[in-house]
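Q: I am new to this structure and would like to learn how to read its features one by one. Could we look at it together?

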Amino acid sequence: MLKKAVLIGMVVLAFVAGCTKSDTAAEKAPDFALQDLSGKNVRLSDLKGKVVLLEFWATWCGPCRESIPEMEKLHKNYRDKGLVVLGVSMDASGMEVVRSFARDQGISYSVLQGNNEIADQYMVRVIPVVYLVNKEGMIARHYVGGTDGGILEKDIKALL
């Protein structure tokens, strides 16, 4: 009985830890070149000198859908201060579905078509996952699961 209680406790702690902010040791963000919804290549290394919010998501993911208004707000409030928001779609259904979804949701930040390579580079195992990349191209923070908008905004302000 005690073993079962300990196991349940460990599972609960792992789940709670997975839905919170996580500090990342100074690590260079893996570079990538992905196409946006218009077919233009976006390269992370071209954004050096800016703070980049990189969110891995999918149209079918409930928590991802819930985060869109917060990402949009951050994009609008901080783009002129040096923040670039990039939504990396992990949808396998194709860019037309993502393009339609982004239009319906009023997404004005860049949406990129993700792939297995970038998912492996960023160790994306669940979505949503958010990475904050500082002006030097280093991963400053990452968040697994839903993110608290206030914490995310505070961390963005500190990096700008």
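**Reading a buried serine, a core and a loop**

A: Ser-67 counts as buried because its relative accessibility is 11%, where buried means under 20% relative accessible area, exposed over 50% and partly exposed in between, with a 1.4 Å probe and protein chains only. This is a predicted model, in which local features need pLDDT of at least 70 and side-chain atom pairs count only at pLDDT 80 or more, while totals for chains, interfaces and linings use all residues. Residues are numbered from 1 along each chain as its sequence is written, and side-chain values use heavy atoms, with hydrogens and water left out.

Q: Which residues have the most contacts inside the largest nonpolar core?

A: A nonpolar core is a set of buried Ala, Val, Leu, Ile, Met, Phe, Trp, Tyr and Cys residues joined through side-chain atoms within 4.5 Å. Here the largest one has 24 residues, and Leu-53, Leu-83, Leu-152 and Ile-156 have the most contacts inside it. The most is given to this core by α2, with 5 residues; helices (H or I, at least four residues) and strands (E, at least two) are DSSP runs, numbered from the N terminus.

Q: Where is Ser-67 placed?

A: Ser-67 belongs to helix α2, which covers residues 62-78.

Q: What is the phi of Met-123 near?

A: Most residues other than glycine have a negative phi, and most peptide bonds are trans. In Met-123, phi is positive, near 50°, and this residue lies in the loop between α4 and β7. The loop between α4 (116-121) and β7 also holds Pro-128, and the peptide bond from Ile-127 to Pro-128 is cis, with omega near 0°.
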